[in-house]
Amino acid sequence: MDISRVDLNLLVYLDVLLRERNVTKAANHLGITQPAMSNGLRRLRDLFGDPLLVRTSEGMTATERATELQPLVRGILSDIERAVHEKTAFAAMESQRVFRIMASDYAESCLMPRVLRRIRQEAPHVTLDVLTPSDVSFLDVEQGRLDMAINRFDKIPQSFHQKTLWTEYFACLMNVRNPIHKQPFTLDTYLDASHIWVSKTGFGVGVGVNPKDVQRLGWVDEALSLMGRKRQISVFTRHYQVAMLLAEQHDLIATLPSRAAWLQKDNPNLVVKVPPFEIPPFELKMAWSPLLQHNTDHQWLRRLIAEVAEEVDMEFAPFGAQFESADVPGIHHSER
């Protein structure tokens, strides 16, 4: 094949088509008409000698050949974008850029206020748009419509870049007048109490919780289940700030990430205790699209967030040491 006769714009069409799996959406994304996109798909099929996308009961489905091509095409376009992108430093003081960050409720409470403070100092005209996990999808991250996702992730697309900000353990928060506060804090006294369940993780629209479905209740209840035990949950909430307020009820316990409990360390109505059983820790990560990896604006944002996370980690360390298990590896400041 004479590569000089290949229209490289077709690779842009293919990249968007394979992400959107819809001709109309792909056309809208590129700002062209649907007939123009349909013609582009026809030319791509001729070029590769493969239908690439076929209509099924589930919509347009990629063929095996298209699945093989997708990472190759994405890599080629990333290299081209990197080659032609003007490498200029991010002018933080003058920039009026809008950064869109998805942050879990936990990350929004423990990290984002300090991130915003640093942004106001270094880039006073920059706007920060903070979204919740239910506002976005992995596709939004992949396509660069979202600058950053900050959360804990069970699974994440292999193409994403990511960095661990810190490793998080758990703490128990309760009212100083809670009857069990004056007793030895054992597993039995923990299970005799009433509990607040809180979680806000993952992507997509949230659904109601089934108290009997331990596998979907998360870290705390899975850890209890492995011991053949179960706690009595009286309140379900998706917000850590609400859970911390509810913990002021005299008979409730909130088992939370220790940095969330740390925010209440000066509250005279609350006391923080080490859980009487081991709960596996999790990692808070930031993840971003490979499309943004070499963008200088984005590199500035990643550096700022990483530096703020390190500051939080150092300040938190004296308080947090009591919650760390000697049997669990510590923080891994990894990036890929």
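Guide: Pairing first: two strands count as a pair if DSSP finds at least two bridges between them. The elements themselves are DSSP runs numbered from the N terminus, with helices being H or I over at least four residues and strands being E over at least two. Keep in mind that this is a predicted model, where local features need pLDDT of at least 70 and side-chain atom pairs count only at pLDDT 80 or more, while totals for chains, interfaces and linings use all residues. Residues are numbered from 1 along each chain as its sequence is written, and side-chain values use heavy atoms, leaving out hydrogens and water.

So, your pair: strand β7 (residues 170–175) runs antiparallel to β11, with four bridges between them. Zoom out and you get an open, mixed sheet of five strands, ordered β9-β8-β10-β7-β11. The edges belong to β9 (232–237) and β11 (270–273), each with a single partner strand, so one side of each has no neighbour in the sheet. From one strand to the next, the twist averages 30 degrees.

Now the helices. Axes are lines fitted to C-alpha atoms, for helices over the stretch in contact, and angles between N-to-C directions run from 0 to 180 degrees. Helix α1 (residues 9–20) packs on helix α3 (residues 34–48) at about 105 degrees, axes 10 Å apart. That makes α1 and α3 roughly perpendicular (65 to 115 degrees; under 35 is roughly parallel, over 145 roughly antiparallel, the rest oblique). Their contact (heavy atoms within 4.5 Å) includes Leu10, Leu14 and Leu17 of α1 and Met37, Leu41 and Phe48 of α3. By class it has ten nonpolar, one polar and one charged residues; Ala, Val, Leu, Ile, Met, Phe, Trp, Tyr, Cys and Pro count as nonpolar, Asp, Glu, Lys and Arg as charged, and the others, Gly among them, as polar.

Over at helix α6 (residues 112–122) and helix α13 (residues 296–320), the axes come within 10 Å and cross at roughly 130 degrees, so α6 and α13 are oblique. Among the residues in touch are Arg114 and Ile119 of α6, plus Trp300 and Glu311 of α13. This contact splits into eight nonpolar, no polar and seven charged residues.

Last stop, salt bridges: a side-chain nitrogen of Lys or Arg within 4 Å of a carboxyl oxygen of Asp or Glu. The whole structure has 18. One of them joins the side chains of Asp15 and Arg74 at 2.5 Å, N to O. Asp15 sits in α1 and Arg74 in helix α4 (residues 64–84), so to speak a link between distant parts of the chain, 59 residues apart.
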